[in-house]
2 protein chains.
Amino acid sequence: MVDNFADRLLAAIRDKGSPVCVGVDPVYERLPDELRGGKDTPAARAEAIREYSRRLLDVIAPIVPAVKPQIAYFEPYREFGLKAYYDVVAHARALGLLVIGDVKRGDIGPTASAYAAAHLGGPDTPDAVTVNGYFGADGLKPFADHAERGKGLFVLVRTSNPSAASVQDFSDGSNTPFYEHMARLVARFGQEDALVGQHGYSAVGAVVGATWPDEARRLREVMPRQIFLVPGYGAQGATAKDCAASFKEDGTGAIVNASRSVIFAYRADQYKGLDWIEAVRRAAVAFAEDIRKAVIP
Amino acid sequence: MVDNFADRLLAAIRDKGSPVCVGVDPVYERLPDELRGGKDTPAARAEAIREYSRRLLDVIAPIVPAVKPQIAYFEPYREFGLKAYYDVVAHARALGLLVIGDVKRGDIGPTASAYAAAHLGGPDTPDAVTVNGYFGADGLKPFADHAERGKGLFVLVRTSNPSAASVQDFSDGSNTPFYEHMARLVARFGQEDALVGQHGYSAVGAVVGATWPDEARRLREVMPRQIFLVPGYGAQGATAKDCAASFKEDGTGAIVNASRSVIFAYRADQYKGLDWIEAVRRAAVAFAEDIRKAVIP
């Protein structure tokens with residue numbers, strides 16, 4: 001009996017009391033001073049972001065149900081960076097956190113199979129990954145095969161960045177925008193019995209940016225079985241109220257991500273003078289509380 | 001004075017006499033028997049695909065102007081795989097080949113900057129990479145910044161796989177399909193002076209699958225300044241004639257990629273009994289000749 005990813009995520013959210021996720025985006029230049037310095041080599045930088053990420057995870061593990069390591073910040077350090085990435089994934093899992101690898105991979109079928117094996121195969125990979133759906137169903141299938149065995153994926157539908165609309169709002173004569181077309185494809189693709197858990201949610205979720213609440217409300221109707229991974233809170237400008245548009249009335253159906261506003265809290269005026277660990281802890285608590293109040297009935 | 005990537009690519013194609021690229025997709029299970037065996041660890045597999053890829057490059061370097069290593073086949077071996085990938089990139093460059101890293105990365109601006117630094121920054125990265133344009137201009141910009149300094153990118157417009165149409169053909173009331181909308185965005189984005197070389201082509205190119213010749217002909221008009229990277233020949237079913245739709249009448253404007261039909265030629269009946277190196281060499285020559293005849297006036 002496989003534990004469906006959506007079920008696992010819902011249970012983790014219930015345990016921690018708030019549907020939030022912290023993005024682990026370890027930008028070397030923004031790390032606390034004490035973790036930089038010394039030699040400036042790819043190996044030394046990878047070690048610094050690894051150490052920073054581990055300490056960050058230790059602080060936030062009691063507060064949030066899930067974390068989302070962003071592999072882009074590890075890749076510049078090549079083999080050292082990738083080793084650090086998987087070490088961070090393993091540490092998060094050891095702390096009982098659900099791990100969403102933010103890798104946004106996507107390719108034609110055979111190549112997507114290799115990506116899926118790399119990022120969801122084996123026992124020490126993330127619980128889920130983000131996937132780019134530009135290739136359609138045959139590019140999603142290899143990831144979904146892993147989702148039938150307990151893993152999950154979040155397909156990009158509506159991203160949180162400023163120029164998202166220039167691509168994703170492309171609309172047909174009947175006013176159906178492209179992102180809604182993508183949403184329908186994800187909804188169809190994710191409705192197979194083998195993917196749907198006991199609470200009616202699919203292990204195939206969707207990325208829906210918090211910065212577009214009107215679009216999110218519409219997408220909430222189009223994708224009833226999808227859990228939304230919602231980026232854009234905090235540094236990107238969305239509020240808890242904006243995020244609420246991605247949830248159902250019962251307070252389920254989405255998980256909100258914040259990265260910079262939490263993990264670099266020690267660089268904000270609000271937390272000036274605090275130890276970096278304490279600043280992060282307070283920012284994570286405030287984030288979890290803000291979202292909980294806005295969405296849990 | 002920066003050497004524009006499009007100019008460098010055109011020169012390399014002229015030197016070798018055919019607009020072709022070989023995809024380096026080292027699937028461990030399909031390697032020649034002599035390169036497998038021994039211990040079956042991630043490190044051993046990474047070493048096998050590294051050795052295979054290096055020998056492959058040695059054989060094809062005199063025949064083709066460019067190669068396209070597919071990072072997905074390296075990622076399952078984690079730090080060992082990534083080290084092998086960059087070793088293969090360096091070896092190809094040392095052989096005088098242009099290297100297109102097939103990474104299909106794409107994300108919001110700050111994250112795209114990290115990806116661009118990883119894959120186009122520094123002296124020992126590929127000459128160009130493939131990029132997913134789902135995020136629009138602000139996700140492309142960090143890659144284009146490197147393209148202003150001699151690197152290149154190919155943005156996915158129309159992919160070669162069977163389910164491409166289900167996403168990319170989404171059309172508006174006036175019969176403009178989504179992929180054409182994406183093509184117009186790429187054309188606009190790539191027309192800046194700093195990106196356009198002395199032959200009128202931009203360092204921002206496009207991926208246009210050979211498996212859709214009618215679409216390619218239309219896209220050839222929509223993107224006059226883009227060099228098309230054309231996958232789909234051979235194993236995916238497209239012929240040289242299909243590929244010709246991506247070229248201008250003067251025989252410029254595209255480069256055709258073949259992967260499996262060349263690099264695993266020793267597994268085809270046609271080349272049975274030959275040493276694997278010789279099978280690959282003949283398949284590469286036949287591929288270059290087939291495309292040359294179909295497109296060079």
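Analyst: B:Lys104 sits in strand E3 of chain B, residues 98-105. Helices (H or I, at least four residues) and strands (E, at least two) are DSSP runs, numbered from the N terminus. The model is predicted: local features need pLDDT of at least 70, side-chain atom pairs count only at pLDDT 80 or more, and totals for chains, interfaces and linings use all residues. Residues are numbered from 1 along each chain as its sequence is written, while chains are lettered from A and ligands numbered from 1 in the order in which they are written.

The phi of B:Lys104 is positive, about 45 degrees, although the residue is not a glycine. B:Lys104 counts as buried because it has 28 C-beta neighbours inside 10 Å. The cut-offs are 20 or more other C-beta atoms within 10 Å for buried, 12 or fewer for exposed, and in between for partly exposed, with C-beta atoms placed from the backbone.

Chain A has its own Lys104. A:Lys104 lies in strand E3 of chain A, residues 98-105. Its phi is near 45 degrees, a positive value in a residue other than glycine. With 27 C-beta neighbours inside 10 Å, A:Lys104 counts as buried.

Now to where the chains meet. In all, 45 residues of chain B are in contact with 45 residues of chain A. Contact requires C-beta atoms, placed from the backbone, within 7 Å. On the chain B side, H3 (78-94), H4 (109-120), H5 (137-147), H6 (164-168) and H7 (178-189) each supply at least two residues. H4(B) gives the largest share, 6 residues. That side of chain B divides into 21 nonpolar, 16 polar and 8 charged residues. Nonpolar covers Ala, Val, Leu, Ile, Met, Phe, Trp, Tyr, Cys and Pro; charged covers Asp, Glu, Lys and Arg; the others, Gly among them, are polar.

A:Glu79 crosses to the other chain. It is found in H3 of chain A. Leaving out residues up to four places away in sequence, A:Glu79 touches B:Glu79, B:Leu82 and B:Lys83. A:Glu79 is buried, with 20 other C-beta atoms within 10 Å. Within chain A, its C-alpha is 9.1 Å from that of A:Ala46, 33 residues away in sequence.

A:Ala46 also belongs to the packing of two helices. A:Ala46, A:Ile49, A:Ser53 and A:Leu57 are among the H2(A) residues that meet H3(A), where the partners include A:Phe80, A:Ala84, A:Val88 and A:His91. H2(A) (residues 42-60) and H3(A) (residues 78-94) pack at about 10 degrees, with axes 8 Å apart. H2(A) and H3(A) are therefore roughly parallel, a term for angles under 35 degrees.

Back in chain B, H7(B) is mostly covered, with 9 of its 12 residues buried. Among them are B:Phe178, B:Tyr179, B:Met182, B:Leu185 and B:Phe189. B:Asp169 lies in the loop between H6 and H7 of chain B. B:Asp169 touches B:Pro177, B:Phe178 and B:Tyr179, not counting residues up to four places away in sequence. With 16 C-beta neighbours inside 10 Å, B:Asp169 counts as partly exposed. Its C-alpha is separated by 42 Å from that of B:Leu35, 134 residues apart along the chain.

Note on methods: Axes are lines fitted to C-alpha atoms, for helices over the stretch in contact, and angles run from 0 to 180 degrees between N-to-C directions. Angles under 35 degrees count as roughly parallel, over 145 as roughly antiparallel, 65 to 115 as roughly perpendicular and the rest as oblique.
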